[in-house]
Amino acid sequence: MKKLLPIAAACTLAFAAHAQTGFGKLDSTPPAGMTVDQIIQKMGNRESEFAAARLQYTFRQDVKFNTISDDTNRPDGEYHQVTDITFDKEGRRQEHVVFAPANTIERVIMTENDFKDIEKRLPFILTAPELPDYDFHYAGRQKIDEIDTYAFDVAPKKFEKGKRYFQGRVWVDQQDDEIVMVNGLNVPQDTRPGHADLSPPFTTYYEQIDGKYWFPTYTRAEGTLHFPPQNGAMAEDITVRSIVKYTDYKQFHTNVRILYNGEDITNQKDDSATPPPPKNPKDPK
């Protein structure tokens, strides 16, 4: 997001997921039974399969973004929009805004990058083709509530013009090979005077839907954006907070097939057993 008049330069991380309650002790010993590279590749393949499948689901997206007053620590401006992601009769994906009160934000401007983050980068999915873009550091095994995970610190190897990347920590379910939580920042942050475009750090939680895939369901982003003096204006820090909820996932039944690596995964599900109850790595509410 951009500041009205002078433009921003930096952002302070305001949320440390690994320090929350519900997290077990981090065990940094090497994984048993497979290499770190094998775990990463299995995760990438599974995330690729999920990315293809998620495109066939309808859901509701509820976005609430606030600027926070330093004096009261309460919101002093708000952007709120609720959108249904659906399909038309021909199976084309559509967005229908169902609730959008007047925008009362006065101190910053939400940019195209902010809206792309909401759509594509806050519900983070790390597919196999994207793995070569990142360096992975195995942090260890860690229990999140009752879920056994592998924790990885992830950072882009380099920046390509016009592309944004995730930098932070991801937790991968040891059984399902899917991301169940992320905490980090979208990078690079544009800090050029007169053009800067910043976003706060965020945490996204995932929940198992239909007993098969882990879907992003809740994101909380919060941080202080540092706006330096410019064009005669004084420096200013602005704290922002955003909550995004992705709910009511339902598979859209269509004649279109979902293909991954040449395999039809449209109806790939074991119906011989009752699906396990939904698992949630953290109740963020």
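Here are some questions and answers on the packing of this predicted model.

Biologist: Which tryptophans are in contact with Ile-179, leaving aside its neighbours within four places in sequence?

Modeller: Ile-179 is among the core residues that touch the most other members. Its contacts beyond those neighbours include Met-43, Phe-124 and Val-170.

Biologist: Is Ile-40 buried or exposed?

Modeller: Ile-40 is found in helix α1, residues 36-54. Its relative accessibility is 9%. Buried means under 20%. Therefore Ile-40 counts as buried.

Biologist: What distance separates the C-alpha atoms of Ile-40 and Ala-128?

Modeller: Along the chain, Ile-40 and Ala-128 are 88 residues apart. Leaving aside neighbours within four places in sequence, Ile-40 is in contact with Leu-131, Phe-136 and Phe-152. The C-alpha atoms of Ile-40 and Ala-128 are separated by 8.9 Å.

Biologist: Why do the buried residues of α2 lie on the same side?

Modeller: Helix α2 spans residues 112-121, and its buried residues are Asp-114, Asp-117, Ile-118 and Arg-121. They lie on the same side because they cover an arc of only 130 degrees.

Biologist: Which residues are exposed on the other side of α2?

Modeller: The buried residues of α2 pack against β3, β6, β10, β11 and β13. On the other side of α2, the exposed residues are Glu-112 and Lys-120.

Key
Residues are numbered from 1 along each chain as its sequence is written. This is a predicted model: local features need pLDDT of at least 70, side-chain atom pairs count only at pLDDT 80 or more; totals for chains, interfaces and linings use all residues. Side-chain values use heavy atoms; hydrogens and water are left out. A nonpolar core is a set of buried Ala, Val, Leu, Ile, Met, Phe, Trp, Tyr and Cys residues joined through side-chain atoms within 4.5 Å. Buried means under 20% relative accessible area, exposed over 50%, partly exposed in between (1.4 Å probe, protein chains only). Contact means heavy atoms within 4.5 Å. Helices (H or I, at least four residues) and strands (E, at least two) are DSSP runs, numbered from the N terminus. The arc is that of the directions from the helix axis to the C-beta atoms.
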